[in-house]
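I opened this notebook page to record what I looked up in one model. The sequence and structure are placed first.

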Amino acid sequence: MSSPIPETVADALRLSNLSFRHLFYVCGVYFVCRVVYWLIVYPRFFSPLRHLPGPPVGEPILGQARKIFSTQVGMAAREWINEYGSIVRAVGPVGLERLIFITPEGLHQIMSRPLDCPRPLYLRNFFELITGRGLLTVMGEEHKQMRRVMNPAFSLQNLMAQTDMYYEPITKCESSLLQSCRHNATPSSLVNIISAKLDLNGEKGAILPMYEWLSKVTLDIICETAFGYHADSLNNPHDELAEAYEILLNLQTGQNMFRFVFAMSLPGGPRFLSSEFAYKYRAFFKYTRFFGKFSPSSSFGRVQTFSRQILSEKIKDLEESGVSADDMHGKKDIMSLLMRARANETDQRGYAMSNNIMVDQVLIFLGAGHETTASGLTWTLWLLANNKGYQSRLRDEVTPVFQENPRPDYRTLNGLEWLDCVIMESLRVMPPIPTTVRKTATTDYIDGVLVPEGTLLQICIRQINTWKHVWGEDAEEFRPERWFNLPKAYNPSYSHLSFISGPHSCIGKTMAIIEMKAVLASLILNFDFDPAYPGQEAKPASAITMKPTDGMPLTVRRA
Ligand code: HEM
């Protein structure tokens, strides 16, 4: 007689004299074997990338993570590139392999094919949680369309019209050098605030946390230029948006990012973190060992809700006032330009952004354009404080120009050669975003290596910008004069990657550079910067943005 066919797992266990306990053991052993295989066996013995040059696999669970996260951002990669060459394989946490490519050929293959090498899902989820659906998160055709709609807001013509708006929070007209100013200035601009602090201290000057002040001024500028909102965080430290952003941006240290990436990689993680439930019980996060001070939803929620509110009001105002999109020519903020572009797009090509998507775009500009510019400016001041000759040369260049016109326009700022060299060199040596990442969506050759689908590609911006092969032996030094005579090996698209390259390159590049020029020139014109104390060292954060962890104290005196 043939044995009966079991219909359920329980029947099968009964017929084979096994219990659920046995099944549990089998599953447990299987799970442990899988984990051991992925963490220890695969990267060492089976990975097709195991023969590529690079550091040893490292610790069983962490791989080289301890080194990556404990050293200054990008320094581990710099060491590896110096030791192993232009293609490096390193194993990070939980056995995740990453490849580092540094040659223009390799970088071109990665960056010119965003569908084959997109931003990894966890990063897109991270951006989507903070800023919503926009350029940083969408891909393919939708990305192309969004970019096309947004390009006019960043056109040369619009940037030229916008430049004057940058000066509002920077300078106050009555200062001795700015007597001929014809514009209405803010009640207390950055230059005035610093001057007032110096008045209290006399000749010896004052030690000021420059990052904090630059962060405020760039927030005020981006709020004004992005959606015409006067945050005035320079004078109002309790501005709701400024406060929420500060909390949010402080979350992006290496350790917090590691926790965040982990949480975002869990199925349903992103949705949970931005849910009403998480917001309601946010206090609970504070007391958990894993998340500690992470407590994400409070600041995320506040920034999103508050920004959406401002923007929705603006959209409503414009709609209710009956102003047609074409009549909005007077308004130069990005939001107004997007509304105009939207009207035209609907007519011509059938693609129009919804209000929500438009709101998200502007949130992205706020997120992507504030801290980056503040960090870029802070590092420039730091580099100039340590090179007084370069600093004086810049003052000599800008003083006559600003004496003639206290608010030089776009063309005049761009015509200042030394200012240009200083900004480009500072962005090269201390790029505000020091590293980014992509993930292969197909198996394909990159720089002669067959890279399997799903491999992480680390784009080491800081290392690429200071690669000795291109920039020479003094590649890591701040030498603005090198921009007068670029090296032969310099590749315009892939040797200076601070804004990356290709279809996903920074849309705000020209805007950021001109804004940095306006702020830096106004500061150097009025003040003299020195390190705060002998032996002071740069302390860049290991985070998405390389801001200084100590707020960058500098000694400031009148110029
Ligand atoms: C010094 C200042 C800035 C630096 C160094 C910088 C750098 C970058 C980098 C490296 C990326 C690529 C990130 C990645 O792919 O992982 C990027 C993308 C982007 N940036 Fe910037 N950025 C700056 C200022 C700005 C400003 C002022 C804005 C807008 C107002 C802006 C808007 C964006 C947007 C929308 C993207 C995504 C582009 C896309 O994927 O199509 N950035 N930026």
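The entries below follow the order of my look-ups.

**Basis.** I worked from a predicted model, in which local features need pLDDT of at least 70, side-chain atom pairs count only at pLDDT 80 or more, and totals for chains, interfaces and linings use all residues. Residues are numbered from 1 along each chain as its sequence is written.

**Whole chain.** I noted 24 helices and nine strands; these are DSSP runs numbered from the N terminus, helices being H or I of at least four residues and strands E of at least two. Of the 559 residues, 40% count as buried, that is, with 20 or more other C-beta atoms within 10 Å of their own, C-beta atoms being placed from the backbone. Among the contacts with a separation of 6 or more, 71% come from residues 24 or more positions apart. I took a contact as two C-beta atoms, placed from the backbone, within 7 Å.

**Ligand shell.** I looked up the 23 residues around the ligand, of which Gly369, Thr372, Thr436, Cys506 and Gly508 come nearest. A residue counts as near if its C-beta atom, placed from the backbone, lies within 6 Å of the molecule. Helices α18 (355-385) and α24 (509-526) each supply at least two shell residues, and α18 gives the most, with seven. The shell divides into 13 nonpolar, eight polar and two charged residues; Gly is counted as polar.

**Sheet.** I traced an open sheet of four strands in the order β1-β2-β7-β4, with mixed pairing; strands pair if DSSP finds at least two bridges between them. The edge strands, each pairing on one side only, are β1 (87-91) and β4 (436-439). β4 pairs with β7 (456-459) in the antiparallel sense over four bridges, and Arg438 stands opposite Leu457 in β7. Helix α4 (75-84) packs on this sheet, touching β1, β2 (97-101) and β7.

**Ala231.** I located this residue in the loop between α10 (210-227) and α11 (240-250). Why does Ala231 count as buried? Ala231 is buried because 22 other C-beta atoms lie within 10 Å. Not counting residues up to four places away in sequence, Ala231 touches Leu219, Asp220, Cys223, Asp239, Leu241 and Ala242. The C-alpha atoms of Ala231 and Ile221, ten residues apart along the chain, are separated by 8.7 Å.

Note on methods. Axes fitted to C-alpha atoms, helices over the stretch in contact; angles between N-to-C directions. Buried ≥ 20, exposed ≤ 12 C-beta atoms within 10 Å, placed from the backbone.
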